[in-house]
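Please consult the sequence and structure shown here.

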Amino acid sequence: MEGTPVTVTSVSEVGPGTVALELETPADFDAQPGQFVLLRATPDDEEISRHYTLSSPSVEDTFELTVGVDPDGDLSPWLADLEGGETVAIEGPFGRTTYDGDGDVVAVAGGPGVGAAVAIAEAAQEAGHDAVVIYQDDEPAHEARLEALEDAGATVTVLEADADAELADAVATHREDGQLYAFGFDDFVTFVADTIEHDGGDPDEALIENFG
């Protein structure tokens with residue numbers, strides 16, 4: 001199996017159909033919130049690879065990937081059933097949508113983008129900066145971390161999947177409160193970019209990660 005072998009330290013449920021995969025950090029793995037890795041595993045002796053975005057604010061000893069579990073998928077159900085101690089392989093980190101601890105942030109997430117958004121907001125708070133999280137999903141994940149962010153002073157807005165008018169209002173209200181990030185599937189991040197433009201902003205100044 002190609003890539004760097006890493007040990008799974010734990011798997012925990014963090015929302016409906018969503019798990020957090022905690023992995024031991026390999027030597028020389030220097031990743032920032034917002035980046036992603038290619039994970040390789042061999043369920044049923046067949047190698048399968050998928051990209052997952054980091055959902056931890058740092059990678060000092062371990063790092064986290066948030067995995068949406070598709071019951072009919074060929075990798076995510078297997079990952080969700082791990083108990084810790086197993087080995088997978090990673091390549092990366094990849095991606096230029098990162099947060100380096102400099103300045104306030106506005107992290108906008110749709111669906112599986114919440115992991116990256118929460119990680120960036122936590123990293124901002126740890127660096128002494130303000131954070132806004134705008135998250136759209138009918139079945140939210142990472143609610144405990146979102147509540148902790150809010151308790152620590154972040155502005156957190158959680159919206160239902162069909163609440164596009166409210167999403168547009170939230171983005172317009174907060175788009176100048178810090179560096180804006182957006183994570184999610186194509187329709188979602190396109191909507192965020194269009195909202196910024198319609199509100200008189202420049203969507204090219206946002207850091208956007210399109211999950212396809």
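## Basis of the description

Two strands are taken to pair if DSSP finds at least two bridges between them. Helices (H or I, at least four residues) and strands (E, at least two) are DSSP runs, numbered from the N terminus. The model is predicted, so local features need pLDDT of at least 70 and side-chain atom pairs count only at pLDDT 80 or more, while totals for chains, interfaces and linings use all residues. Residues are numbered from 1 along each chain as its sequence is written, and side-chain values use heavy atoms, with hydrogens and water left out.

## The six-stranded sheet

Leu39 stands opposite Ile90 in β6. Strand β3 (residues 36-41) and strand β6 (residues 87-94) run antiparallel and are joined by four bridges. They belong to an open, antiparallel sheet of six strands in the order β4-β3-β6-β1-β2-β5. Its edges are β4 (48-53) and β5 (62-68), each of which pairs on one side only.

A UniProt record, in an unreviewed entry, lists residues 1-100 as "domain: FAD-binding FR-type"; positions follow the numbering used here, feature names are shortened, and annotations may be inferred rather than shown by experiment. Over residues 1-100 the chain is 5% helix and 46% strand, with the end C-alpha atoms 32 Å apart.

## The largest pocket

A pocket is an open set of points on a 1 Å grid over the protein atoms alone, where a 1.4 Å probe fits, with protein on both sides within 12 Å along at least five of seven lines; lining residues have an atom within 4 Å of a point. Grid points are joined across faces, edges and corners, and a volume is the space filled by probe spheres set on the points.

The largest pocket holds about 620 Å³ of space. Of its 30 lining residues, Tyr52, Gly68, Pro112, Phe185 and Phe211 lie nearest the centre. Because domain 1 (4-94) and domain 2 (105-210) both give residues to the lining, this pocket lies between them; the domain bounds come from an automatic or database domain assignment. β4 gives the most to the lining, with four residues.

## The second largest pocket

The second largest pocket has a volume of about 170 Å³. Gly110, Gly111, Gln136, Ala161 and Phe188 are the closest to its centre among the 13 residues that line it. Two or more lining residues come from each of α4 (164-174) and α5 (186-198), and α5 gives the most, with three.
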